[in-house]
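Let's take a friendly walk through this structure, one kind of contact at a time. Have the view open as you read.

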Amino acid sequence: MSTAGLLIRCKAAVAWESGKPLSIEEVEVAPPQKNEVRIKILFTSLCHTDVYFWDAKGQNPLFPRILGHEAGGIVESVGEGVTDLEPGDHVLPIFTGECKECAHCLSEESNMCDLLRINTDRGEMLHDGKSRFSINGKPIYHFLGTSTFSEYTVVHVGQVAKINPDAPLDKVCVLSCGMSTGFGATVNVAKPKKGQSVAIFGLGAVGLAAAEGARVSGASRIIGVDLNPSRFEQAKKFGVTEFVNPKDHNKPVQEVIAEMTGGGVDRSVECTGSIQAMISAFECVHDGWGVAVLVGVPNKDDAFKTHPVNLLNERTLKGTFFGNYKPRTDIPAVVERYMNKELELDKFITHSVPFSEIYKAFELMLAGEGLRCVIRMDA
């Protein structure tokens, strides 16, 4: 029986207040409105951003809310005006979007859509400023336009990437945020040439995705920089060949790397958000051709300081958002790289839990264990 146009009741993990355990509740999910899609979520994973906004320290707290933004699912129904998706399509909901009409979307050089760019404060849908989630008539706020900690969710069509139906959703779901961010930072922005050296600052999930990008690109040396030496063994699986712990040296890490590489690495990718790591990542690249790419999000009061001579000596500093991928246009091709065995994803997924035990995913992340925990929505 088709559920198109009908209210759906399903289970969702609701964050009622800051830092309190999520509660599995029965929620009502309204039908999709104009330019919206209702998706049955099959797998979702936990990202640090979910934990950050669940904890709600330092941002605008918005509760009750359904978190979640890394996921894979199947289109259940579509709203008015949706022409490029239909029920049954396999999709990845994405935390940022591509309207295909604004100046950014029409530019080959940008993925920062004016309409659907990430907005952490918005808890309603764009079409009418209302939530599609409720419990007993009381609205429950959306998160990043995705809210994937629910068996069904409603997403703007511009935030939905249609993918190969043969791709395993329990694996490719992690491409809807962190893995694409790190991988794309290397392959789309740093663009190391075969045989070049790459330094990766921060060996969490995004940093290891950046290392995977360097491996796929044929880098000859991939130097991992992290203050936590317990991460070094795992990083070898992602192609990292050498390790530097800044705490082991009595000089700036950029000087250590310059000495190791005869003047600096060819490319660097910073994935920590630490302002000092950003400066080191820029200053450790070789003059004449070195490129540094910033991925990590700094604190709002941070300021980047370096001597202008570092730029005049032909070092390049770049920033990136979501690996410079346009969600609808580019993410399907990243899935194909996985299907063609160019890109390895399985090693990023270190844990799996049923939806009823979503709290375990939070416990693992808060304890710093593993990389990605995939949550099975039907279990």
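## A charged pair across the chain

E344 has a relative accessible area of 36%, so it counts as partly exposed. Please keep in mind that this is a predicted model. The side chain of E344 meets that of R215 in a salt bridge, with 3.7 Å from N to O. This pair joins distant parts of the chain: E344 lies in the loop between α10 (327-339) and β16 (349-354), while R215 belongs to helix α5 (residues 205-216), 129 residues apart. R215 is partly exposed too, at 29% relative accessibility.

Which residues are linked in a network of salt bridges? They are E212, R215, E344 and K347.

## Other salt bridges

The structure holds 19 salt bridges. One of them brings together the side chains of D89 and K162, at 3.9 Å from N to O. Here, too, distant parts of the chain are linked: D89 sits in the loop between β4 (70-78) and β5 (90-93), and K162 in strand β9 (residues 160-162), 73 residues apart. Is D89 buried or exposed? With a relative accessibility of 10%, D89 falls under the 20% limit and therefore counts as buried. K162, at 44%, is partly exposed.

Another salt bridge pairs R117 with D114, whose closest N and O atoms are 3.7 Å apart. R117 has a relative accessible area of 30%, so this residue is partly exposed. As a general point, side chains of opposite charge can pair when their charged atoms come close.

## Where α4 meets α5

The axes of α4 (residues 178-190) and α5 come within 7 Å of each other and cross at roughly 40°. Because of that angle, α4 is oblique to α5. The crossing of α4 past α5 is right-handed.

On the α4 side, the residues in contact are G178, M179, T181, G182, F183, T186 and V187. Their partners in α5 are A205, V206, A209, A210, E212, G213, A214 and V216.

## The nonpolar cores

In soluble globular proteins, nonpolar side chains tend to be buried together. In this model, the largest nonpolar core has 100 residues, and those with the most contacts inside it are L92, F149, V172, L175 and L345. Leaving aside residues up to four places away in sequence, V172 touches L92, I163, A167, V335, Y338 and L345. Another core, of 15 residues, lies apart from it and includes V244, V253, A277 and C284.

Methods: Residues are numbered from 1 along each chain as its sequence is written. This is a predicted model: local features need pLDDT of at least 70, side-chain atom pairs count only at pLDDT 80 or more; totals for chains, interfaces and linings use all residues. Side-chain values use heavy atoms; hydrogens and water are left out. A nonpolar core is a set of buried Ala, Val, Leu, Ile, Met, Phe, Trp, Tyr and Cys residues joined through side-chain atoms within 4.5 Å. Buried means under 20% relative accessible area, exposed over 50%, partly exposed in between (1.4 Å probe, protein chains only). Contact means heavy atoms within 4.5 Å. A salt bridge is a side-chain nitrogen of Lys or Arg within 4 Å of a carboxyl oxygen of Asp or Glu. Helices (H or I, at least four residues) and strands (E, at least two) are DSSP runs, numbered from the N terminus. Axes are lines fitted to C-alpha atoms, for helices over the stretch in contact, and angles run from 0 to 180 degrees between N-to-C directions. Angles under 35 degrees count as roughly parallel, over 145 as roughly antiparallel, 65 to 115 as roughly perpendicular and the rest as oblique. A crossing is left-handed if the near helix is turned anticlockwise from the far one by less than a right angle, and right-handed if clockwise.
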